[in-house]
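Here is a short report on ring contacts and a pocket. The chain comes up next.

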Amino acid sequence: MEPQIRIISWGEFLPLVQLLKQPKVRASVYFGAEHVSGYPVGVSEVHWKGGRSGCAWLESVVVDPDYRGQGIATALVRHMVEYSKAEGFERARANCLLTSLGVFERCGFRRIRKGKNGYRVELVW
(Lines give C-alpha, C1' and ligand atoms only; values in the text may rest on other atoms or scores of the structure.)
Protein backbone atom coordinates (compact mmCIF):
# COMPACT_ATOMS: atom_id res chain seq x y z
CA MET A 1 0.00 0.00 0.00
CA GLU A 2 1.37 3.41 -0.97
CA PRO A 3 1.70 5.96 1.84
CA GLN A 4 -0.84 8.76 1.90
CA ILE A 5 1.65 11.56 1.21
CA ARG A 6 2.66 14.01 -1.47
CA ILE A 7 6.22 15.05 -2.21
CA ILE A 8 6.58 18.78 -1.60
CA SER A 9 8.95 21.37 -3.05
CA TRP A 10 11.71 23.32 -1.36
CA GLY A 11 9.47 26.37 -0.88
CA GLU A 12 6.88 24.30 0.91
CA PHE A 13 9.60 22.38 2.68
CA LEU A 14 11.63 25.32 4.03
CA PRO A 15 9.63 25.64 7.27
CA LEU A 16 10.31 21.96 7.99
CA VAL A 17 14.07 22.41 7.46
CA GLN A 18 14.04 25.37 9.82
CA LEU A 19 12.09 23.29 12.29
CA LEU A 20 14.67 20.51 12.12
CA LYS A 21 17.48 23.10 12.37
CA GLN A 22 19.58 21.44 9.69
CA PRO A 23 20.99 24.29 7.62
CA LYS A 24 23.03 23.10 4.64
CA VAL A 25 25.67 24.94 2.64
CA ARG A 26 26.35 22.55 -0.20
CA ALA A 27 24.69 22.11 -3.58
CA SER A 28 21.49 20.39 -2.53
CA VAL A 29 17.87 19.80 -3.39
CA TYR A 30 15.47 19.09 -0.55
CA PHE A 31 12.25 17.13 -0.61
CA GLY A 32 9.61 16.72 2.01
CA ALA A 33 6.65 14.44 2.52
CA GLU A 34 3.36 15.91 3.55
CA HIS A 35 0.56 13.76 4.94
CA VAL A 36 -2.85 14.15 3.33
CA SER A 37 -3.87 16.03 6.47
CA GLY A 38 -1.33 18.74 5.53
CA TYR A 39 1.13 17.82 8.30
CA PRO A 40 4.82 17.58 7.21
CA VAL A 41 5.96 14.06 8.10
CA GLY A 42 9.30 13.52 6.34
CA VAL A 43 12.38 15.14 4.90
CA SER A 44 15.19 14.14 2.53
CA GLU A 45 18.09 15.70 0.65
CA VAL A 46 20.04 15.01 -2.55
CA HIS A 47 23.43 16.68 -2.72
CA TRP A 48 26.47 16.59 -4.98
CA LYS A 49 29.94 18.00 -5.31
CA GLY A 50 30.96 19.63 -8.55
CA GLY A 51 28.65 19.31 -11.54
CA ARG A 52 25.53 17.25 -11.85
CA SER A 53 27.24 14.17 -13.21
CA GLY A 54 28.61 11.13 -11.57
CA CYS A 55 27.28 10.48 -8.08
CA ALA A 56 24.31 11.92 -6.22
CA TRP A 57 24.34 11.53 -2.43
CA LEU A 58 21.05 10.81 -0.69
CA GLU A 59 21.02 12.18 2.83
CA SER A 60 18.87 13.16 5.78
CA VAL A 61 15.96 10.79 5.23
CA VAL A 62 13.97 11.53 8.37
CA VAL A 63 10.36 10.60 9.13
CA ASP A 64 8.28 11.76 12.08
CA PRO A 65 8.23 8.85 14.58
CA ASP A 66 4.42 8.86 14.63
CA TYR A 67 4.36 8.15 10.88
CA ARG A 68 7.12 5.54 10.56
CA GLY A 69 6.36 2.13 9.10
CA GLN A 70 3.99 3.56 6.48
CA GLY A 71 6.37 3.62 3.50
CA ILE A 72 7.19 7.32 3.74
CA ALA A 73 10.99 6.90 3.85
CA THR A 74 10.79 4.46 0.93
CA ALA A 75 8.70 6.95 -1.07
CA LEU A 76 11.23 9.71 -0.36
CA VAL A 77 14.19 7.53 -1.39
CA ARG A 78 12.42 6.47 -4.60
CA HIS A 79 11.64 10.10 -5.39
CA MET A 80 15.28 11.11 -4.83
CA VAL A 81 16.43 8.29 -7.13
CA GLU A 82 14.04 9.40 -9.89
CA TYR A 83 15.16 13.02 -9.45
CA SER A 84 18.83 11.96 -9.65
CA LYS A 85 18.24 9.96 -12.83
CA ALA A 86 16.36 12.84 -14.44
CA GLU A 87 19.20 15.23 -13.57
CA GLY A 88 21.77 13.05 -15.33
CA PHE A 89 23.55 11.40 -12.41
CA GLU A 90 25.01 7.95 -13.12
CA ARG A 91 24.48 6.53 -9.65
CA ALA A 92 23.35 7.35 -6.13
CA ARG A 93 25.01 6.59 -2.83
CA ALA A 94 24.04 6.95 0.80
CA ASN A 95 25.52 6.30 4.19
CA CYS A 96 22.73 4.71 6.17
CA LEU A 97 22.24 3.42 9.66
CA LEU A 98 21.31 -0.20 10.25
CA THR A 99 17.79 0.98 11.08
CA SER A 100 17.32 2.43 7.57
CA LEU A 101 19.24 -0.18 5.58
CA GLY A 102 16.04 -2.02 4.63
CA VAL A 103 14.57 1.13 3.10
CA PHE A 104 17.52 1.53 0.74
CA GLU A 105 17.68 -2.17 -0.11
CA ARG A 106 13.94 -2.15 -0.98
CA CYS A 107 14.77 0.64 -3.44
CA GLY A 108 17.46 -1.47 -5.14
CA PHE A 109 20.60 -0.23 -3.36
CA ARG A 110 23.38 -2.70 -2.60
CA ARG A 111 25.85 -2.60 0.25
CA ILE A 112 29.34 -1.54 -0.81
CA ARG A 113 31.03 -0.93 2.54
CA LYS A 114 30.32 -1.53 6.21
CA GLY A 115 30.94 1.40 8.49
CA LYS A 116 31.01 1.94 12.22
CA ASN A 117 27.26 2.56 12.57
CA GLY A 118 25.85 1.25 9.31
CA TYR A 119 26.58 0.83 5.63
CA ARG A 120 27.46 2.77 2.52
CA VAL A 121 25.02 1.71 -0.16
CA GLU A 122 24.92 2.38 -3.90
CA LEU A 123 22.46 2.16 -6.79
CA VAL A 124 23.83 2.29 -10.34
CA TRP A 125 21.55 2.67 -13.35
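Is Tyr67 buried or exposed? Tyr67 is buried, at 19% relative accessible area. Buried means under 20%, exposed over 50%, and partly exposed in between (1.4 Å probe, protein chains only).

## Basis

This is a predicted model: local features need pLDDT of at least 70, side-chain atom pairs count only at pLDDT 80 or more, and totals for chains, interfaces and linings use all residues. Residues are numbered from 1 along each chain as its sequence is written, and side-chain values use heavy atoms, with hydrogens and water left out.

## Aromatic pairs

Rings of Phe, Tyr and Trp (its six-membered ring) pair if their centres lie within 6.5 Å; planes under 30 degrees apart count as stacked, over 60 as edge-to-face and the rest as tilted. The count comes to 4 aromatic pairs. One of them joins Phe31 and Tyr83: the centres are 5.4 Å apart and the planes stand at 70 degrees, so the pair is edge-to-face. Phe31 lies in strand E2 (residues 28-35) and Tyr83 in helix H2 (residues 72-86), so the pair ties together parts 52 residues apart in sequence. Helices (H or I, at least four residues) and strands (E, at least two) are DSSP runs, numbered from the N terminus. Phe31 is buried at 9%. Tyr83 is buried at 17%.

Tyr67 pairs with Tyr39. The ring centres are 5.7 Å apart and the planes at 25 degrees, so this pair is stacked. Tyr39 sits in the loop between E2 and strand E3 (40-47), and Tyr67 in the loop between strand E4 (55-63) and H2, 28 residues apart. Tyr39 is partly exposed, at 38% relative accessibility.

## Charges over a ring

A charge sits over a ring if NZ of Lys or CZ of Arg is within 6 Å of the ring centre and within 35 degrees of the ring normal. Tyr119 has the charged end of Arg111 over its ring, 4.7 Å from the centre. Lys114 also lies over the face of Tyr119, at 5.2 Å from the ring centre.

## Largest pocket

The largest pocket has a volume of about 480 Å³. Its lining counts 23 residues, and those closest to the centre are Val61, Val62, Val63, Ala73 and Ser100. E4 gives the most to this lining, with 6 residues. E4, H2, strand E5 (91-97) and helix H3 (101-106) each supply at least two.

On a 1 Å grid over the protein atoms alone, a pocket is an open set of points where a 1.4 Å probe fits, with protein on both sides within 12 Å along at least five of seven lines; lining residues have an atom within 4 Å of a point. Grid points are joined across faces, edges and corners, and the volume is the space filled by probe spheres set on them.
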